[in-house]
Amino acid sequence: MPFEGLPLLLGWELTLACNLRCQHCGSSAGSGRPNELTLDEALAICAQFPELAVQEVVFTGGEPLMQAYWPRLATRLRDLRIKVGMVTNGLLLSPRIVAQIRDCGIHEVGVSLDGLEPTHDEIRALPGAFQRSLDGLRRLLDAGLHPTAITTVNALNVHELPALYARLHTAGVPQWQVQPLFGFGRGREQTRLHLSDDEYLEMGLFCQQYRPLAADAGMTLVPADGCGYCSPIDPQGAPWRGCSAGIADCGIMSDGRVKGCLSWPDSLVEGDLRQDTFWDIWFRPGAFAATRDFTCAELGGQCRTCEMGAQCGGGCSAKSIAATGQFHADPYCYRAILAARLATQ
Amino acid sequence: MATKPTKPAFVLKDQLILREHIWDRIHWVTYRVPNELAGILKKGVADAPVRVQLTKQFTDATWKYTSALIMEGAAPPPEIAGAIYNIADDISCGREISLKAGDYIAIQSFLKRK
């Protein structure tokens with residue numbers, strides 16, 4: 001059967017330039033890529049989205065606000081009736097920028113907050129970074145926008161999650177995205193940040209315990225990529241059915257190259273929008289084969305013998321690659337950790 | 001039994017119907033949550049068609065081959081035969097046309113190759 005998916009959700013790395021050098025950054029962001037897209041090139045790429053039924057684009061980076069043309073791009077996407085979101089470190093969220101975000105029709109903004117103040121500032125290697133990001137969040141709230149705090153959970157901040165919840169709740173943050181560290185980029189070298197099995201499980205149990213508490217308090221707490229799979233700790237609702245990168249989602253790099261997910265290493269590039277159309281890259285026979293053509297024979301590690309393997313597909317592709325170098329073998333898995341604990345009891 | 005209409009009603013809505021294995025994934029790659037799209041899709045495919053902007057070229061070509069099939073019995077090009085038969089079937093049965101994602105992709109790819 002021919003492939004029938006569409007890139008409904010796009011992550012777009014507007015630039016790799018960043019005003020921070022975070023220890024855990026999976027993109028090793030700092031300087032921009034040598035040949036980043038021009039405004040005209042970016043607008044020409046936008047024009048290809050409607051025929052591919054793109055529904056939503058999320059600007060990422062680097063720090064997307066450091067790409068000068070972000071307002072033009074957001075406005076164009078809005079005119080194309082495509083929703084636009086953004087993930088930022090929050091440092092540049094001045095009143096003027098926040099007003100621009102609102103006026104461009106960007107409907108949701110995620111701001112990274114990776115622990116309580118000392119931890120966040122240590123990871124960011126910038127004293128005062130926490131307060132500046134929190135101020136940015138407040139400005140977004142004041143402007144009537146719908147901000148999300150995003151926490152990348154690592155060994156330094158995992159024990160702070162309850163206290164961070166209290167801090168965010170007090171600040172009036174309506175949504176909180178929690179996700180584990182992926183060992184890419186600078187994050188790969190910072191082994192002191194890597195989660196142990198116990199710490200990974202602690203994150204899951206925190207989310208399980210605090211989701212209903214947060215909901216009662218008017219905050220949505222969402223475990224995001226890499227929190228799973230097929231276990232009692234997972235959020236209630238439809239079960240995990242495998243990575244959607246290259247099936248319903250896609251990532252565009254700041255130089256026009258295309259990957260299934262921006263968290264994947266650059267070696268997994270599927271095409272270049274400077275050379276081919278998005279349609280041709282997306283529908284090229286054999287494209288995104290790792291996720292589209294998954295079979296149980298490709299399961300690796302502990303996933304090979306897991307009874308949920310066929311449904312799960314071996315977890316988050318990015319986390320699997322970061323930890324093992326291969327797809328379909330994500331070792332960070334609540335189900336597997338719980339099973340191992342039971343076996344040793 | 002389907003009857004052959006004398007004048008087919010041809011209204012293509014700007015919505016695609018995705019196969020379940022595409023939309024039934026609650027965990028989309030989450031750059032930022034809550035993912036509004038995932039929230040919509042979680043409601044179920046019947047309530048969650050995906051909006052697409054159909055071009056005049058697409059609508060005209062689809063109409064051309066569908067009407068030729070219904071009115072004259074002319075077989076559509078093999079690459080899009082399945083899609084055109086699906087649409088013609090909806091029309092002949094008096095149903096609202098539901099444009100399946102696979103059919104949309106087939107027709108769009110066909111037009112790009114022409």
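User: What makes a residue count as buried in this predicted model?

Analyst: The model is predicted. The test counts C-beta atoms around a residue's own, within 10 Å. To be buried, a residue needs a count of other C-beta atoms of 20 or more.

User: Which residues of α5(B) are buried?

Analyst: Helix α5 of chain B spans residues 101-113. Its buried residues are B:Ala101, B:Gly102, B:Asp103, B:Tyr104, B:Ile105, B:Ala106, B:Ile107 and B:Gln108.

User: What covers the buried residues of α5(B)?

Analyst: Helices and strands of chain B both contribute. The cover includes β1 (15-17), α3 (56-72), α4 and β3 (99-100).

User: Are α4(B) and α5(B) parallel or oblique to each other?

Analyst: Their axes lie 8 Å apart and meet at an angle of about 125 degrees. Roughly perpendicular ends at 115 degrees, and roughly antiparallel starts over 145. The two helices are therefore oblique.

User: Which residues of α5(B) does α4(B) meet?

Analyst: On the α4(B) side, the contact uses B:Gly82, B:Ala83 and B:Asn86. By class, the contact has three nonpolar, two polar and one charged residues. The partners in α5(B) are B:Asp103, B:Ala106 and B:Ile107.

User: What is the handedness of the crossing of α4(B) and α5(B)?

Analyst: The helices pack with their axes 8 Å apart. Their crossing is left-handed.

User: How far does α5(B) reach from its first C-alpha to its last?

Analyst: The helix has 13 residues. At 1.5 Å a residue, 18 Å is expected. The span in the model is close to that, at 18 Å.

How values were computed:
Residues are numbered from 1 along each chain as its sequence is written. Chains are lettered from A and ligands numbered from 1 in the order in which they are written. This is a predicted model: local features need pLDDT of at least 70, side-chain atom pairs count only at pLDDT 80 or more; totals for chains, interfaces and linings use all residues. Axes are lines fitted to C-alpha atoms, for helices over the stretch in contact, and angles run from 0 to 180 degrees between N-to-C directions. Helices (H or I, at least four residues) and strands (E, at least two) are DSSP runs, numbered from the N terminus. Angles under 35 degrees count as roughly parallel, over 145 as roughly antiparallel, 65 to 115 as roughly perpendicular and the rest as oblique. A crossing is left-handed if the near helix is turned anticlockwise from the far one by less than a right angle, and right-handed if clockwise. Two residues are in contact if their C-beta atoms, placed from the backbone, lie within 7 Å. Ala, Val, Leu, Ile, Met, Phe, Trp, Tyr, Cys and Pro count as nonpolar, Asp, Glu, Lys and Arg as charged, and the others, Gly among them, as polar. The expected span of a helix is 1.5 Å times one less than its number of residues. A residue is buried if 20 or more other C-beta atoms lie within 10 Å of its own, exposed if 12 or fewer, and partly exposed in between; C-beta atoms are placed from the backbone.
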